[in-house]
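Dear colleague,

I am handing over the structure below, and I would be glad if you kept it open while you read the notes that follow it.

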Amino acid sequence: MEVDVSLWCVLAFFVAAAISVCLSKRAAATALVYGATTVISALACATALTCLLNNQTASTKLPLGLPWMGASFHIDPLSAFFLVVVNLGAGAASLYGLGYGRHEPFPERVLPFFAAFLAGMNLVVLADDAFTFLLAWEFMSLISWALVVSHHRSQDNLHAGYVYILMASFGTFALLLGYGLLAGTAGHYDFEAIRSNHPSAFYSAIVLGLVLLGAGSKAGLIPLHVWLPLAHPAAPSHVSALMSGVMTKVAVYAFIRITFDLLGPPTWWWGMAILLLGGITAVMGVLYALMEHDLKRLLAYHTIENIGIIFIGLGLALAFEANHMPAPAALALTAALLHVFNHAAFKSLLFFGAGAVVTATGERDMEHLGGLIHRMPQTAFAFLVGCAAISALPPLNGFVSEWMTFQAILLSPQLPQWGLRFAVPAVGALLALSAALAAACFVKAFGVSFLGRPRTAAAEKAKEVDGFSRSAMAVFAALCVLAGILPGFFIDALGPATQHLLGSSMPAQSTIAWFSIVPINQSRSSYNGLLVFIFIALSASISAYAIHLLASKAKRRAPAWDGGFPDASPLTQYTAGSFSQPIRRVFGTLVFRVREEVTMPLPGTTQPAKHHVDLEDIIWSVLYAPLSRAITYSSDRLNVLQFLTIRRYLSLVFSALVVLLLVIAIWH
Amino acid sequence: MALTRDLAVQSFQMLLVVLLAPLVTGLVRKMKARLLRRRGPPLIQPYRDLIRLLHKEVVLANNASWLFRAAPYLIFAATWVAAALVPTFATGLMFNWTADLIALVALLGSARFFLALAGMDVGTSFGGIGSSREVMIASLAEPAMIMIVFSLALLAGTTQLSGIAQYMLSSNVGLRVTLGLAAISLVMVGIAENARIPVDNPATHLELTMVHEAMILEYSGRHLALIELSASLKLLVYLSLIACIFLPWGMAPARDTWNYFAIGAGAYAAKLVAGCIALAVFETAIAKMRVFRVPAFLGAALMLGLLGALFLFVSRGF
């Protein structure tokens, strides 16, 4: 029943896409398509939510795809949870699109792909056999590529699209091989058959590697992240929100589905490998973000950081699971899943905010913004909530999932393996470092774009955006607060998913007094978002009341003091580059090989002083640049094969045949 | 009856920290002055300053936003809630289960987040320089603090402060390398977080290396009073934290009679005075370091904290 409703919703997305193709450039298309996708996503989200809360499973088989197999679809608590995340993000992005889409110069290049993209993501999560899964996965990649290059006149977007499609094809290729190994020689592509057929330890390790390449490249694990900061910002902002907030979560779903569900019982070093990858990804992602001045690219780099945090949780869960410690495993997995939800909420919110800034000013570069809090107060408030949530400040939702990850780390000294005992505290330090750096990064993002004085005329003339965009932001801002102060309900909702994967779940939270949360049953640690929120609100109001009762109420507006030498030019403000300079100096010399050059003119001369910063992306220059050079070199050499005579071609074919026969002869 | 007493103790503790905070600042200033053979301002000077500020008008910069005006209240509230969670003279505070040590670190982080934003609000270069340096210092101090939390939580088996204090009072603590490393690390973090010498200088304005004072340069009147009070409160929080974790003796146990509270209060006062004297001596004896030496200082704190936690992870299960 639930599967059918979800599949009807997917069909409805396709119909919406078809309608938008027919309507093409007509003005009504935008309102119609986004209106339709909002309603459909809401319906799909509600279906998935009932499924998750009632712990239902359902499956169905359609006569599509391979003739001897059909296409199987299935909902269990895990896919239901990810369907909730996908459709929640989709619904809000559609709502946002109702307003934002009006400014789109070429709606016919966005609308059909937008609706089809939503269908693709739903299909990946619903798929119950390898063939359907891969088909949906590749469909999702291709459609999102079309959205990335929807403004294809810009050279940057074309480059982004090129890198994206290369990495996406590579990822699908890795997943294809992984499923091939999982299916075994008998070729069981059904997930049910794969589940009952565990590959040997050696093949399991290879499958894990392939899944890390396939799903990891889509999620943005370092060093497979290079396409992400190019492609996500290139798309229109509501699509950026979907790609960053939701599509990376579909990749996380693929990873969880294969490693936790299909691959069989885990080994301890899987957890360690994923933990270390996650830790490095988290810190590198946030450092990249700190160096960035483009608001949307900064957010895209932050997605990498949060994916790292999610993978730290997943790695811990695998390590605990491998050592048969059900309660800590459930805690770590719940922390990762809760962070999936939280990140979808605040990252979509932040991309909506960035889109509003782009609409209002036409600028993505923070160095050209400033003072927007005066002209766009509601956007600024919603963006501030998102910034505080992603910086893991209590009492918002980002803190809850991070707190749970820390609690899971604190349970890990009981792990027997030495490797894990060294790795886990190191990863804990990396996690703490990334959290602190994230706060620094969002002080920069909010402070430079929304506070201070406007740096350009465009920023000075900005206007508040339309009601649809603001309501989409308000929905997610409210969710961030709600999940922060009442986390117990959200954790309980995740119970069926962890129960399904690990056979254990966190203790029921909603029955605990005052809505506290506890990590495991025997634990003496607890956190209460509701009371922290009430205490902060109470003490802020008490102090405000007392101050207004006792103190002078006089207030005067005057020019800024600025140490007695105020400068009228907004150029004297701190910029994004100067704000991150101390951190660039502390971490950057190691990670980015930063070189700063200052040229000071001689006293008495009138030339301006010059400051030049050289940043190098080490991962690109060490890993990708040599690879790309090698491929170019070998393809240049192989190009000779195109210009041979017919006799040479015939002899080549003949020798290839001989070599092949020889190989077979030796093999047997 | 027990409930009312618990509530009374909790409220008294909240009131106590606010009333005591300026006195601690005054005591440190007085001590430093005496060490320099000056007479120094009287102990109650910080209270006088606060009252004077409260009676002055607020001069807002022309382009200050609502965030600039709301930030002092938010900063004060977050610091106050953090202060309410640290056991001072008694363990077993009524609301200690609301938030643990990790949440306490994050609450102080929230206060700093809004202070750094407020520094950037008016759009002056001084505010920017302060905020930028503050987040650089925090980006190393906060992980160091979390590492200390790891060490303590692994020893005590809980991240709850009352639980940690009870564990430290119990007989099975012993002399541990981890605790020594954590104590040194916590003191270093405390010095950096409270903008004390050698990281920052609380006594100067308009010095090129200033951090905290640069962020609040545009504040005046009641707003400045609140921010000054929060800064004093934060110093008190760190002193109480060090006292509660590493010198827990004399604290009144949970659910006990009034005379234990009296002993606890006396012990707490003695610990605070000792902390103030130690801080004053340390600040007088050492020179301020360049701002780019600070990462090395805090990096050492982070490494000590990590080393302490690593010892515990590795030594389990023998």
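Helices and strands here are DSSP runs (helices are H or I with at least four residues, strands are E with at least two), numbered from the N terminus. Please keep in mind that this is a predicted model, in which local features need pLDDT of at least 70 and side-chain atom pairs count only at pLDDT 80 or more, while totals for chains, interfaces and linings use all residues. Residues are numbered from 1 along each chain as its sequence is written, and chains are lettered from A and ligands numbered from 1 in the order in which they are written.

I begin with the loop between helix 12 and helix 13 of chain A, where A:His324 lies. The phi of A:His324 is near 55°, which is a positive value in a residue other than glycine. A residue is called buried if 20 or more other C-beta atoms lie within 10 Å of its own, exposed if 12 or fewer do, and partly exposed in between, with C-beta atoms placed from the backbone. A:His324 is exposed, because 8 other C-beta atoms lie within 10 Å. A:Arg593, in the loop between helix 23 and strand 4 (595-599) of chain A, also has a positive phi, near 45°, and A:Arg593 counts as partly exposed because it has 13 C-beta neighbours inside 10 Å. As background, most residues other than glycine have a negative phi, and most peptide bonds are trans. Against that background, a cis peptide bond joins A:Pro394 and A:Pro395, with omega about 5°, and A:Pro395 is found in the loop between helix 15 (377-390) and helix 16 of chain A. In chain B, the peptide bond from B:Ile197 to B:Pro198 is cis as well, with omega near 15°.

How do helix 12 and helix 16 of chain A pack? Their axes are 10 Å apart and the angle is about 35° (axes are lines fitted to C-alpha atoms, for helices over the stretch in contact, and angles run from 0 to 180 degrees between N-to-C directions). In this packing, A:Ile309, A:Ile312, A:Gly313 and A:Leu316 of helix 12 meet A:Thr405, A:Ala408 and A:Ile409 of helix 16, where contact means that the C-beta atoms of two residues, placed from the backbone, lie within 7 Å.

Turning to the two chains together, 72 residues of chain A are in contact with 77 residues of chain B. On the side of chain A that touches chain B, the largest share, 14 residues, comes from helix 17 of chain A. Inside chain A, strand 1 (residues 58-62) and strand 2 pair in the antiparallel sense over five bridges, and A:Ser59 stands opposite A:His74 in strand 2. Strand 2 (residues 71-75) of chain A is largely enclosed by the rest of the structure, because four of its five residues are buried.

Finally, B:Val237 is found in helix 9 (residues 221-246) of chain B, and B:Val237 counts as buried because it has 27 C-beta neighbours inside 10 Å. Leaving out residues up to four places away in sequence, B:Val237 touches B:Thr79, B:Ala82, B:Ala83 and B:Val86.

With best wishes

Methods
Pairing = 2+ DSSP bridges.
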